[in-house]
Amino acid sequence: MAQFALPFIGHGGDYNPDQWRDRPDILEEDIRLMKLSGCNLMSVGIFAWTALEPREGEYDMDWLEQVLDRLHQNGISAFLATPSGARPAWMSRKYPQVLRVQPDGKRALHGGRHNHCFTSPVYRNFVRNMNSALAKRFGSHPAVVGWHISNEYGGECHCELCQEAFRDFLKARYGTLDALNHAWWTGFWSKTYTDWAELHSPSPIGESALHGLNLAWQRFVTEQTKNFLSAEIVPIREYCPELPVTTNLMEFYGQLNYFELAKPIDFASYDSYPRWGEGDYARTALKVSFNFDIMRALKQKPFALMESVPSQVNWQPVCKLKKPGMHLLSSLQAVAHGADTVMYFQWRMSRGGSEKFHGAVVSHAGHEHTRTFRDVSAVGDALQKLPSVLGAMPNAKAALIFDTENRWALDDCQGPRREKRLLETALMHYEALKRQGIDVDVIDETCDFSAYSLICAPMLYMLRPGVAERLTQFVKRGGTLVCSQFTGRVDEDDLCFLGGFPGPLREALGLWIEETDALYDGETNAILTNGNSYTCDTMCDLIHAESAEVLGTYAEDFYAGTPALTRNRLGAGSAYYIASRPEQRFLNAFYARLTDEAGVPRLIHTLPEGVQVASRAKGDTTTLFVMNFGNAPAVVTLPAGRDLLANQDIVDSECELAPVSIRVIQYAAR
Ligand code: GLA
Ligand code: ZN
């Protein structure tokens, strides 16, 4: 199996020379500018299908060979893309089955991108032939160091071929219609299926209220996308078995279960487009690092930052420029959290089309005398000082479970309030964890829990098979588990647990939940604990402590005085239940205590407001990244070691970090 083993830290971006084939001067100039900006890695050919196969079966790949040759001659490597993210018009016209069908049954016209049917044998055949041709011709080209499969897979197709594939998926999953009818509780509203042919994907003009069906469809969409991805990889492996394959993933993308989708790839790639400037930087930075911490957890390996923007995007409602210092800080933030590349969309701005005002390393001005180009070059310089982090990973002892299937189930669930606020809640817990100056993995329910001493599992509404048992074992063996409001309601098919919530987590948490009150937006209750009062909102579980001790109670409403915060000691560990969503101040204090209690090592002891840390370790060397996203200078105590960016030794001392700046300190294990 190929490994992600780039021999260097990559710096570069999406390179679309196919748009500039009539401008050899520009293609030459690209190379000069790449070298000047310290770029060493380009993703080539992502949307080049029409250039590669202008007419059915007629390949034109000489231009690509020239591009790859030129890159290689200049010491620049390439991720070679498969072009399935957008297909030629001739194909859609002659073979309409490659076009996607919407949930209402309407077939799309040709246009846009990312819109193929993921089942169509015709499309799969075209893709296989294309990928084979590319891999055969370029699989051992010296410039090529990996494969960029398609682009940001997403969406779904509801055509007849997909309906058939869905039925096959359901047959494989449930075996019999009886089993399916039971799992989906179809007796409700007389929805019982009597023939497999009656099954159809969820639709706004058909069935949309059967939660089991919705969940199964979402799983099918992931499965079929993964199957498509795997099929894309087959010819690549055949002709190019030595090189890693990846596909680029998106921020908080909820429609695909990335932990499943990532199985066939060698390393994950991430496209990062934060809205720096919408609210304060530190909050945005947390959302970004949450995503980075997922990307690293997907394969338990470093990932590639495949896309980011060196200046401004063109598609956000307000596209702000990056302020001075922000490009370096945001790029190295990715490296801090496990990226082995910093790459951009895109190398050179497109002259026309919908992205003509999307930022790029080279602007329409076409030269290096721009702020953006200088910012990119500064990142190039910094990355040259960081070769020692290549392949390094944090030793995270804390994990947060953010499970996509749980998210699907929770989003679809009706009651006790429409907005469950899972993502916001997860981010609040994550923020409190990160404030402790620790590394955190963001994992899903299927991940291995054994490396952690603290697991935070907010709103684990759906418990897939074995998860409660594994969490219970985790606690018994000495782990600290935190669960929160609305936990343990349904099984993997969205059937409610009988016998009292939180179902199979009852032993671990030592309590049962009788009712859940919902609060209007803006309405609060409070949790009284240790003489302090903290507001809480959204939902309040009304619980009965069994073996759990009560650490806090509700302050208001008819359930005032009943448990709102509990701890259950079980075996060598403890499981906490926070029965509502408390304010951030509570979570910060709570995780400060738990971090110590669970023995999670802090990278830095006191983190000033706005400062965030992350680390990567290899052998007995740790590299610590200290980032000030605040708008004021911050004083931190750095460990003794080598300041890699300043290239000097430092002693264990207090130092001032300017706003929007980063220090990278490397030290041997202490
Ligand atoms: C996505 C795509 C790119 C480009 C960028 C623009 O990430 O993968 O092709 O459209 O967005 O930000
Ligand atoms: Zn289809």
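Biologist: Are Cys157 and Cys162 buried or exposed?

Modeller: Keep in mind that this is a predicted model. The cut-off for calling a residue buried is under 20% relative accessible area. Cys157 and Cys162 both fall in that class: they are buried.

Biologist: And what is the geometry at the zinc ion (ligand 2)?

Modeller: Start with the protein donors, which are the SG atoms of Cys117, Cys157, Cys159 and Cys162, lying 2.3 Å from the zinc ion. Along the chain they follow the spacing C-x39-C-x1-C-x2-C. For four tetrahedral donors the ideal angle is 109.5 degrees. Here the angles among the four donor atoms are 103 to 113 degrees, so with all angles between 85 and 135 degrees the site counts as tetrahedral.

Biologist: How many residues does domain 3 put into its contact with domain 1?

Modeller: The domain assignment gives domain 1 as 10-158 + 221-381 and domain 3 as 611-668. Their centres, taken over C-alpha atoms, are 32 Å apart. Domain 1 brings 19 residues to the contact, and from domain 3 the number is twelve.

Biologist: Which strands are at the edges of the five-stranded open sheet?

Modeller: The order is β21-β22-β27-β24-β25, with antiparallel pairing. On average, neighbouring strands are turned by 30 degrees against each other, direction ignored. Helix α11 (residues 326-336) lies across β21, β22 and β27, at about 145 degrees to β22. The strands that pair on one side only, and so form the edges, are β21 (611-618) and β25 (648-650).

Biologist: Now the backbone. What is omega for the cis peptide bond that joins Phe501 and Pro502?

Modeller: Pro502 is in the loop between β13 (480-484) and α16 (506-509). There is also a cis bond from Gly415 to Pro416, with omega near -5 degrees. For Phe501 to Pro502, omega is about 10 degrees.

Biologist: Met459 has a positive phi although it is not a glycine. Is Met459 buried or exposed?

Modeller: Its phi is about 50 degrees, and Met459 lies in the loop between β12 (454-457) and α15 (467-476). Relative accessibility is 0%, so Met459 counts as buried.

Biologist: What does Asp557 count as, going by its relative accessibility?

Modeller: Asp557 is not a glycine either, and its phi is positive, about 75 degrees. It lies in the loop between β17 (549-554) and β18 (563-570). At 46% relative accessibility, Asp557 counts as partly exposed.

Key:
Residues numbered from 1 in each chain as written. Chains lettered and ligands numbered in written order. Predicted model: local features only at pLDDT ≥ 70, side-chain atom pairs only at ≥ 80, totals over all residues. Heavy atoms only, no water. Pairing = 2+ DSSP bridges. Helix = DSSP H or I, 4+ residues; strand = E, 2+ residues; numbered from the N terminus. Axes fitted to C-alpha atoms, helices over the stretch in contact; angles between N-to-C directions. Contact = heavy atoms within 4.5 Å. Donors = N, O, S within 2.8 Å, 3.2 Å for Na, K, Ca; no water. Tetrahedral: all angles 85-135°; square planar, octahedral: opposite > 155°, others 65-115°. Buried < 20%, exposed > 50% of the residue type's maximum accessible area, 1.4 Å probe, protein only. Domains from an automatic or database assignment.
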